[in-house]
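Hello,

Here is the structure I promised to pass on. Please open it next to this note; my findings follow below.

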Amino acid sequence: MTRIPPYLKKGDTIAITCPAGYMEAAKVQTCIHSLQQWGYEVMLGKTIGSKSKTYFSGTDEERCNELQAMLDDKNINAILCGRGGYGVSRIIDRLDFTVFKKHPKWIIGFSDITVLLAHLNQQLKMASLHAPMANAFNKGGAKKSYVQSLQKALKGVKSNYSCPPHAFNRAGACSGELVGGNLALIAHLAGTKSAYKTTGKILFIEDIGEYIYNIDRMMIQLKRAGMLSGLSGLVVGKFTDVHKTVRPFGQTVQQIIQSHVAEYAYPVCYDFPVSHEEENVALKVGVQHSLKITNNKATLKEV
């Protein structure tokens, strides 16, 4: 049974850290201000705007130590990752969740943070939030429904999202624990102790900046790993900034995914608002959801 961390109340503390790629401190200011307006205290980690000269927001040790300290701090009620990028898999096996298991808190992020969300789900049976990170608050994002969905999730409001019909949708209804995140990271975790066990679950996927042939390869990886055959349902988010080869692959991303799940009977939804772009609603990973797909719309609802 998945454990649900305590929902937040006014006066609680949200810590912001960058356990992966580098992020400028200036890009976090709107997020800090917005969280304070929501009624929360904010603690800013040193990895934000770090002096690192590499891709990462500090050395592996610095990023790991900061995240570890936040996991262990009983005065912190949630941890918001500033950005993703790459780097969590370099430190995931160094983290000690002993204190966290006794005093759980919401971990929030997406993209490379999928590694952490999957590890929490698989190894600790702990719910987490696949949701907008600090940069999403900029350029008016703080006032839009996608960022507002994070605020609602932190307060314990049950989600209920709908999206328009898609030509490739496969109608039906199902329920199950919701798991997922970035396709590249889900495939990256296959064969590790952090990999999702997907049988009987609703899986959601999204990605950015991949060549079309690589999306095909990752779907084959999931299929060969047995991660597609036993699903309760599949939710396909947005695949943005997709790269094409000089010689065309011959299929769109949606056609690739459709071909790899054609032999299964579970409902499938396409173009759900989860992505690396503005359309990225907060989803509680590890929590029971229902998925209903009709000719008029697709609805993913927390139960």
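Gly230 sits in the loop between α7 and β9 (233-240). Helices (H or I, at least four residues) and strands (E, at least two) are DSSP runs, numbered from the N terminus. Gly230 counts as partly exposed, because its relative accessibility is 26%. The cut-offs are these: buried is under 20% relative accessible area, exposed is over 50%, and partly exposed is in between (1.4 Å probe, protein chains only). Leaving aside neighbours within four places in sequence, Gly230 is in contact (heavy atoms within 4.5 Å) with Thr198, Thr199 and Gly200. Glu206 is 24 residues from Gly230 along the chain, and their C-alpha atoms are separated by 19 Å.

A word on provenance. This is a predicted model: local features need pLDDT of at least 70, side-chain atom pairs count only at pLDDT 80 or more, and totals for chains, interfaces and linings use all residues. Residues are numbered from 1 along each chain as its sequence is written, and side-chain values use heavy atoms, with hydrogens and water left out.

Now the whole chain. Its secondary structure comes to 8 helices and 13 strands. The C-alpha atoms fill a box of roughly 50 × 40 × 40 Å, taken along the principal axes. Of the 303 residues, 56% count as buried. Among contacts with a separation of 6 or more, 80% are between residues 24 or more positions apart.

Next, helix α4 (residues 114-124). It is largely enclosed by the rest of the structure, because 10 of its 11 residues are buried. Among them are Thr114, Val115 and Leu116. Two more deserve a look.

- His119 is in α4. It is buried, with a relative accessible area of 5%. Not counting residues up to four places away in sequence, His119 touches Ile92, Phe97, Leu124, Lys193 and Ser194.

Just after α4, Lys125 takes a positive phi of about 55°.

Helix α5 (residues 145-155) holds Ala153. This residue is buried, at 5% relative accessible area. Ala153 touches Tyr7, Leu129, Ala282 and Lys284, not counting residues up to four places away in sequence. Met227 is 74 residues from Ala153 in sequence and 27 Å away in space, C-alpha to C-alpha.

Last, a helix pair. How do α7 and α8 pack? Helix α7 (residues 212-224) and helix α8 (residues 253-261) meet at an angle of about 20°, with axes 10 Å apart. That makes α7 roughly parallel to α8. Axes are lines fitted to C-alpha atoms, for helices over the stretch in contact, and angles run from 0 to 180 degrees between N-to-C directions. Under 35 degrees counts as roughly parallel, over 145 as roughly antiparallel, 65 to 115 as roughly perpendicular, and the rest as oblique. From α7, the contact uses Ile212, Ile215, Asp216, Met219, Ile220 and Lys223; from α8, Val253, Ile256, Ile257 and His260.

Best wishes
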